[in-house]
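Subject: Structure for you to look at

Hello,

Please find the structure below. My notes on it follow.

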Amino acid sequence: MEKIASFTINHLKLQPGVYVSRKDVVGENTITTFDLRMTAPNEEPVMNTAEMHTIEHLAATFLRNHADYKDKTIYFGPMGCRTGFYLLLAGDYSSKDIVALVTQMYEFVRDFEGDVPGASAKDCGNYLDMNLNMAKYLARKYLDNVLYHIDDSRLIYPQ
């Protein structure tokens, strides 16, 4: 079998950043998949499921309510390796195009107070697996260490 594109990225050199993972054409529309890499693969601990689940609920809520991106958001969810998230947007985008959006989204997570949207037995299949404090910590770390001073080394996959 042919190796899928995400397995061809050199994870020994990959650092936290915002990367275009792939672009797919569906009919006449382009779908851009972004790799929102929050931890350095195979270098630092992966994120636990509780904080990832919390980030997923908050970020999806933010995106689905965003004035400019609510109708362009196809999907937001965790990577199986627990080092980041995938964001799929309708449109042909570069990494630079969405840095402001991703920054706003992680600021929303960092600053969130109250009950996590959808964190109830009626709304979620694993609502007890949430950790808002760790989600906020990880969002702050990603903002401070990556997003607030991002450059091309964190916007283009390493070779």
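**What was found**

The chain has three helices and four strands, where helices (H or I, at least four residues) and strands (E, at least two) are DSSP runs numbered from the N terminus. This is a predicted model, in which local features need pLDDT of at least 70 and side-chain atom pairs count only at pLDDT 80 or more, while totals for chains, interfaces and linings use all residues. Residues are numbered from 1 along each chain as its sequence is written, and side-chain values use heavy atoms, with hydrogens and water left out.

Along the sequence the pattern is β-β-α-β-β-α-α. The chain is as compact as a globular protein of 159 residues, because its radius of gyration is 15 Å, close to the 15 Å from the globule rule. That radius is taken over C-alpha atoms, and the rule is 2.2 Å times the number of residues to the power 0.38.

Of the 159 residues, 43% are buried (under 20% relative accessible area, with a 1.4 Å probe and protein chains only). Among contacts (heavy atoms within 4.5 Å) with a separation of 6 or more, 70% are between residues 24 or more positions apart.

His-66 has 13% relative accessibility, so it counts as buried. Apart from neighbours within four places in sequence, His-66 is in contact with Leu-101 and Gln-104.

Regards

How values were computed. Buried < 20%, exposed > 50% of the residue type's maximum accessible area, 1.4 Å probe, protein only.
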